[in-house]
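Please read these notes beside the model.

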Amino acid sequence: MSELSVRDFYDDLAHDYHLMFRDWDASMAYQAEVLGGLVSGCLGAGPHTVLDCSCGIGTQAIGLALAGHRVVGSDLSPVAAARAVAEAAARGGRLPPAAADMRELPFREGAFDVVLCADNALPHLLSPRDLRTALLGMGRVLREDGLLVLTVRDYDEARRNRPTATPPQVSDTPDGQVVTFQLWHWHEDGERYDLEHFQLLPAQGTWSVRVRRSTYWALTRPQLTGFVAEAGFTDITWHDPASSGYYQPALTARRAHSVR
């Protein structure tokens, strides 16, 4: 799918994104604790300067900012980035925003201790060229020996089983329950799939159905490891959910001195 369709997907979803969580604030706190632990385990206690280059409405960035890190949030969707700023302010935090494509990060070289790209954002990039461009840009804005943190779905498992749907997630709102689920339509290459994101919202005794669509590249761990190494990162390590406590597999890597 085109860049514009990805932006449209998140522009449209920004108002409802929190409804995917039973308790969005609790999820923010949990994710900040786990991701902060990965960061401190690699770089020390901090606080650290962090770029969340796919911040969305702030699910990871806000929690890290409230934990004391100096966080900048950027996202392809200006609607999502604006909401992240507002949600951070409402919780007493500060989150400088930028509406930016992760392939064209508008920050100076070596500006950050950490670059975070979480919640399966990277697989929106559908070609090796775009993936290499994004990873090289992340390396450019990291300080030497800075930390890259990526989290993605367990696509090794998905590529084996090729699921066609996700289990429904149910959240409670003042107006009633909201149900979120996805349908996956796999391409012939067996690596990419079109996603239909459904939300069923209560509406005067019936349901209002909202559907958004995008495309993903189901990158396996060996594939993503190869791209990260090719971009000049070292000390590439995968952290399973069972060991890290995070809900997705996470990759950490260090910017080598030679990355430009």
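1. R162 sits in the loop between helix 6 and strand 6. Helices (H or I, at least four residues) and strands (E, at least two) are DSSP runs, numbered from the N terminus. R162 is not a glycine, yet its phi is positive, about 45 degrees.

2. A word on the source: this is a predicted model, in which local features need pLDDT of at least 70 and side-chain atom pairs count only at pLDDT 80 or more, while totals for chains, interfaces and linings use all residues. Residues are numbered from 1 along each chain as its sequence is written, and side-chain values use heavy atoms, with hydrogens and water left out.

3. Another loop to check lies between helix 2 and strand 1 (49-52), and P47 is in it. The peptide bond joining G46 and P47 is cis, with omega about 15 degrees.

4. Four strands form an open sheet in the order 6-7-8-9. The pairing is antiparallel; two strands pair if DSSP finds at least two bridges between them. Strand 6 (169-173) and strand 9 (206-217) are the edge strands, and each pairs on one side only. Neighbouring strands of this sheet are turned by 20 degrees against each other on average, direction ignored. Such angles run from 0 to 180 degrees between N-to-C directions, and axes are lines fitted to C-alpha atoms, for helices over the stretch in contact.

5. Within that sheet, strand 8 (residues 192-203) pairs with strand 9 over twelve bridges, in the antiparallel sense. F198 stands opposite V211 of strand 9.

6. A second open sheet has seven strands, ordered 3-2-1-4-5-11-10, and its pairing is mixed. Strand 3 (97-99) and strand 10 (233-239) each have a single partner strand, so one side of each is left without a neighbour in the sheet. Strand 5 (residues 142-151) and strand 11 (residues 250-255) pair in the antiparallel sense over five bridges. V149 faces T252 of strand 11 there.

7. Which residues lie nearest the centre of the largest pocket? They are D119, R153, Q182, Y247 and Q248, out of 32 lining residues. A pocket is an open set of points on a 1 Å grid over the protein atoms alone, with protein on both sides within 12 Å along at least five of seven lines; a cavity is a set where a 1.4 Å probe fits but cannot get out, and lining residues have an atom within 4 Å of a point. The space in this pocket is about 750 Å³. A volume is the space filled by probe spheres set on the points, and grid points are joined across faces, edges and corners.

8. The lining of the largest pocket divides into 18 nonpolar, ten polar and four charged residues. Ala, Val, Leu, Ile, Met, Phe, Trp, Tyr, Cys and Pro count as nonpolar, Asp, Glu, Lys and Arg as charged, and the others, Gly among them, as polar. Elements giving two or more residues to this lining include helix 1 (3-13), helix 6 (155-161) and strand 7 (176-186).

9. The whole structure holds one cavity of 30 Å³ or more. The largest cavity has a volume of about 50 Å³. Its lining divides into seven nonpolar residues, one polar and no charged. V149 is one of the lining residues, as are L35 and H69. Helix 2 and strand 4 (112-117) each supply at least two.
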